[in-house]
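I opened my notebook to look up two things today. I start with the ligand and then turn to the strands.

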Amino acid sequence: MANPQHHPLELNPRTGEPFLRLKDHKDIIITPPRPDDVVLYPPIMNDPRIYEWLGPPFPYLTEHAEAWYAKVKASSDVVLAELEAARESPDLLLVGGCPVRTIRKVQESGEEVYLGDIGIFRCLDGKLMTPVGIPVDDEQVAEYVETNAALAPGNPQIIWTVGDYIVPSHHGQGIMTDALRTLLWDWAVPRMGVRHIISSTFEGNEGSVKVLQRNGFVRTRLIKNHVQTRGQWRNLNVMEWHRVTNER
Ligand SMILES: CC(C)(COP(=O)(O)OP(=O)(O)OC[C@H]1O[C@@H](n2cnc3c(N)ncnc32)[C@H](O)[C@@H]1OP(=O)(O)O)[C@@H](O)C(=O)NCCC(=O)NCCS
């Protein structure tokens with residue numbers, strides 16, 4: 001029997017998985033990761049239109065794909081277990097994560113095609129959490145991370161971050177704008193209590209900046225030489241979202 005704690009996730013009768021349907025692209029759903037996805041990750045992550053903006057290991061090998069799958073599957077399973085444990089509770093539980101993240105297009109035949117990934121997780125970068133205008137201090141940075149990691153699920157003080165990609169064949173069709181909006185308003189806000197998100201994108205990633213802006217994020221600063229990818233220093237645009245100043 002369907003678990004009422006999954007609300008507003010729907011239940012896929014074919015796979016038994018919970019899923020979210022995008023608000024505008026009704027043929028696109030967000031599901032838990034699946035073992036069959038693993039072989040799809042390397043060709044996507046070895047495409048410059050993707051790795052240029054994400055900085056994954058390069059070349060991206062099967063072992064990287066397997067490690068990533070193990071990590072995301074475990075995070076999804078933890079949340080599903082929390083929801084299962086609360087099955088009989090009359091109130092909807094606030095949980096520490098989102099059990100769905102894999103974006104798939106449902107073909108007319110019913111076949112589901114892998115399109116990408118969207119994850120929301122606790123911010124673990126103390127530099128991003130350093131308030132604007134305060135100089136970055138290494139000790140303080142470690143403290144921000146520790147404090148943020150220690151907050152209990154549902155605590156409105158938690159600072160979250162979002163990471164995402166869509167396969168290049170489907171860029172520019174409004175899919176990620178819709179996916180982020182759906183994830184935010186159908187799960188993150190009501191079921192995780194998300195109030196504050198700090199996301200970042202490499203300087204020059206206009207598509208990503210637009211997706212965030214279209215969802216109410218505001219660019220708060222540029223951090224120069226934040227990280228190296230394939231030997232090159234990258235600048236970071238920091239984008240913030242606060243629940244209080246945004247309405248659905
Ligand atoms: C960034 C990314 C997730 C955007 O997803 P998407 O589904 O293509 O985005 P959308 O179609 O919702 O586009 C939103 C806006 O950005 C624009 N846009 C999309 N890609 C763009 C690009 N490469 N350059 C400039 N603008 C772009 C769209 O035209 C749209 O603008 P509009 O609202 O004015 O029409 C996708 O391009 C991607 O996967 N890139 C590689 C990985 C990546 O950068 N991930 C994010 C890391 S922070």
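**Entry 1: the model.** I note at the start that this is a predicted model.

**Entry 2: around the ligand.** How many residues surround the ligand? I found 23. The closest are G172, G174, T177, N205 and R214. I sorted the shell by class: eight residues are nonpolar, ten are polar and five are charged.

**Entry 3: where the shell comes from.** I looked up which elements supply it. Helices α2 (48-54), α6 (175-192) and α7 (206-214) each give at least two residues, and so do strands β6 (159-166) and β7 (196-202). Which element gives the most? That is α7, with six residues.

Entry 4: I checked oxygen atoms of the ligand against side chains. One is 2.5 Å from an N or O atom in the side chain of T177. For K210, a polar side-chain atom lies 3.1 Å from a ligand oxygen. For the side chain of H171, the distance from an N or O atom to a ligand oxygen is 3.3 Å. I also looked up the ligand's area: taken alone it exposes 900 Å², and the protein buries 75% of that.

**Entry 5: strand β5.** Why is β5 (residues 112-122) largely enclosed by the rest of the structure? Nine of its eleven residues are buried, so the rest of the structure covers most of the strand.

**Entry 6: its partners.** I found β4 (residues 102-106) paired with β5 in the antiparallel sense over five bridges. R104 stands opposite Y114 there.

Key
Residues are numbered from 1 along each chain as its sequence is written. This is a predicted model: local features need pLDDT of at least 70, side-chain atom pairs count only at pLDDT 80 or more; totals for chains, interfaces and linings use all residues. Side-chain values use heavy atoms; hydrogens and water are left out. A residue is near a molecule or strand if one of its heavy atoms lies within 4 Å of it. A polar contact is a pair of N or O atoms within 3.5 Å; within protein, one must be able to donate a hydrogen and the other to accept it, and residues adjacent in sequence count only if both atoms are side-chain atoms. Accessible areas come from the Shrake-Rupley method with a 1.4 Å probe; for residues, only the protein chains shown count as cover. Helices (H or I, at least four residues) and strands (E, at least two) are DSSP runs, numbered from the N terminus. Ala, Val, Leu, Ile, Met, Phe, Trp, Tyr, Cys and Pro count as nonpolar, Asp, Glu, Lys and Arg as charged, and the others, Gly among them, as polar. Buried means under 20% relative accessible area, exposed over 50%, partly exposed in between (1.4 Å probe, protein chains only). Two strands pair if DSSP finds at least two bridges between them.
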